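Thanks for asking me to look this over.

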Amino acid sequence: MSNLIESAKKAAAYRAVDENLPDHAKVIGIGSGSTVVFAAERLGQLSNKDLFVCIPTGFQSRQLIIDNGLHLGTIEQYPKVDIAFDGADEVDPKLNLIKGGGACLFQEKLVAQAAKTFVVVADFRKKSPDYLGVLWRRGVPIEIVPNSYAKVTLDLKELGADTVILRQGGTAKAGPVITDNNNFIIDADFGLIEDPVELHAKIKALVGVVDTGLFTKMTAKAYFGEEDGEVSVWEAK
Ligand SMILES: O=C[C@H](O)[C@H](O)[C@H](O)COP(=O)(O)O
């Protein structure tokens, strides 16, 4: 199973890069997670890789850029990005996403918003048949300023969350996960999400919330590596 999933991730990422990189792309965003690893790998194989810079979305992403021999830039230097590639935890048919399973959502959203074209790479397990919250059952990841966690927890319950969990480091760290921006992550389960735009707006309005893992109206295409080795593509309508 794990080989199948790795192959699916690689197939999706390679095809997404091959089909979408603009000829004269100068600035490319690199997301976070285990699937975008293959997008960075593909970019690192290009003969013209000295002609563009890559903008990371966190520590892991920065390492990917360096390890693949790509030129590293920052979003402060390059606030206009030609194209960005990133993974997702769940994608619905309207190309709304849940992201942040790896706690990288804020910088990912910054780079995705800065990008002219935002392309998602994922495997077949991320493809929701209808709504977000169907397959990804851990809740919506929300980045918050640390000392707001108790108040934001109450607020999220008032907004209708069934469970609100301050994400913990598990065996790797005693205490909460700390993001690349020195914040906390809350996972709030809202069940099936029929209107992610509205839910995002309500959560984002809470004091203490930096951003949510709901990415709406920003994805141009999503590439999915399938179980049979094929790649399927969803495009924004
Ligand atoms: O915080 C993590 C990011 O949003 C990832 O892009 C997302 O979790 C998908 O990661 P993966 O490609 O490992 O499934």
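Predicted model: local features only at pLDDT ≥ 70, side-chain atom pairs only at ≥ 80, totals over all residues.

1. Residues are numbered from 1 along each chain as its sequence is written, and side-chain values use heavy atoms, with hydrogens and water left out.

2. Have a look at the open sheet of 4 strands, ordered E9-E10-E8-E11 with antiparallel pairing. Its edge strands, each pairing on one side only, are E9 (163–166) and E11 (209–212). From one strand to the next the twist averages 25°. Strands here are DSSP runs of E with at least two residues, and helices are runs of H or I with at least four, both numbered from the N terminus; two strands pair if DSSP finds at least two bridges between them.

3. E9 and E10 (residues 184–189) run antiparallel and are joined by 4 bridges. Ile165 stands opposite Asp187 in E10.

4. Helix H6 (residues 196–204) lies across E8 and E11, at about 165° to E11. Contact means heavy atoms within 4.5 Å; angles run from 0 to 180 degrees between N-to-C directions, with axes fitted to C-alpha atoms, for helices over the stretch in contact.

5. Now the ligand: a polar side-chain atom of Ser34 lies 2.5 Å from one of its oxygen atoms, and a backbone N or O atom of Cys104 lies 2.9 Å from a ligand oxygen. Polar contacts are pairs of N or O atoms within 3.5 Å.

How values were computed:
Polar contact = N/O pair within 3.5 Å; in protein donor to acceptor, adjacent residues only side chain to side chain.
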